[in-house]
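Hi,

Here is the structure I promised to pass on.

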Amino acid sequence: TQPPVTNLSVSVENLCTVIWTWNPPEGASPNCSLRYFSHFGDKQDKIIAPETHRSKEVPLNERICLQVGSQCSTNESEKPSILVEKCISPPEGDPESAVTELQCVWHNLSYMKCSWLPGRNTSPDTNYTLYYWHSSLGKILQCENIYREGQHIGCSFDLTKVKDSSSEQHSVQIMVKDNAGKIRPSFNIVPLASRVKPDPPHIKNLSFQNGALYVQWKNPQNFFSSCLSYEVEVNNSQTETHDIFYVEEDKCQNLEFQRNMEDTICFMVPGVLPDTFYTVRIRVKTNKLCYEDDKLWSNWSQAMSIGKQPNSTFYITMLLLIPVIVAGAIIILLLYLKRLKIIIFPPIPDPGKIFKEMFGDQNDDTLHWKKYDIYEKQSKEETDSVVLIENLKKAPQ
């Protein structure tokens, strides 16, 4: 077993680059080809190498430790020397004062936007500052474009040089703190192969051919077509429905009109009606062929339409006429049903009314004849009375 390493120390470069260095062990065997075994506190990222240093990009929001030992070969089964440990702690300050939800998005490989929420134990008037670093930038830079969106605070900065850089640095280091030093700084490592959001594409042409709708668009700058995936949304005004097609590659490369438009992508939407009004829009995202993250869609492109525009006057007229026609049809139907009821179910005569007319109240003619009979009877009685008196006068004579 070899002696332990000596003078293990740790330092921080840039914003989040932690570097450990050490010296070879004292009294090591001259026949030993020294190798150094190292791993972090959670026994991750084990390495056996001849170098007397090791570095790691890590956000300094938590304590991180490195353990180092020496041995004479690269064989992991060989027992190393006693492990020496060196740790680095996060900056001083109240952990509840540090910002939370620190996230960054690289927009169209041109500029980066970072946003965060204030910590719990912070003043509402805290002035925040964001610093960022990449090897192509040469030094740590301060973000000047601080803005607020609701509860979130953010900052955006140009990052075009990183895209054109040949550096092996594949991430951007971020730190957010306040000007007065009252809050605990917060760190983040943003991998350049993830959190990339392209700009929306630009639709160049729509056309009907052979019962299909052909859509052509131009990709956002800074991206190869093979590194993007697409969604094409087609809205049908006649059926008031929309279909979404997922596109991973050019679908109509052999069309004649395609050759006249360079750097465009084409997709064919089958089964469309030329007399129908269609509206199309497109969005894109990075794919895993070129990037680690494939979840950030761009915004939708500006919509483009094709086909016959629906006549709004006709639809308004129909909306006004339909209720009138329906109401008229209901009235006619009710009248027809009433007449049909009378034909099918005629009214049944009431016997009570018939007998009442026969034996009850009489009409004017009946009353007239009844009065005539009474008058004639009275006249006859008076005549008989006069004849009787005349006969009585003649009797004494």
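A salt bridge here is a side-chain nitrogen of Lys or Arg within 4 Å of a carboxyl oxygen of Asp or Glu. With that rule, searching the whole structure turns up five salt bridges. Before the details, some housekeeping: this is a predicted model, so local features need pLDDT of at least 70 and side-chain atom pairs count only at pLDDT 80 or more, while totals for chains, interfaces and linings use all residues. Residues are numbered from 1 along each chain as its sequence is written, and side-chain values use heavy atoms, with hydrogens and water left out.

Back to the charged pairs. One of the salt bridges joins E231 and R283, at 2.9 Å from N to O. That pair ties together distant parts of the chain, with E231 in strand β19 (residues 228-236) and R283 in strand β22 (residues 278-286), 52 residues apart. Strands are DSSP runs of E, at least two residues long, and helices are runs of H or I, at least four, both numbered from the N terminus. E231 counts as buried because its relative accessible area is 14%; the cut-offs are under 20% for buried, over 50% for exposed and partly exposed in between (1.4 Å probe, protein chains only).

K56 and D45 also pair up, at 3.4 Å from N to O. Here K56 sits in strand β5 (residues 53-57) and D45 in the loop between β3 (35-40) and β4 (47-49), 11 residues apart. K56 is partly exposed at 26%, and D45 is partly exposed at 41%. Then there is D294 with K295, whose closest N and O atoms are 3.9 Å apart; K295 is exposed, at 64% relative accessibility.

N188 is buried at 17%, and its side chain comes to 3.2 Å from the backbone oxygen of L102. Its contacts (heavy atoms within 4.5 Å), leaving out residues up to four places away in sequence, include C16, P59 and V172.

M304 lies in strand β23 (residues 304-306) and is partly exposed at 28%.

Finally, Y336 is in helix α3 (residues 312-344) and is exposed, with a relative accessible area of 51%.

Cheers

Definitions and conventions. A polar contact is a pair of N or O atoms within 3.5 Å; within protein, one must be able to donate a hydrogen and the other to accept it, and residues adjacent in sequence count only if both atoms are side-chain atoms.
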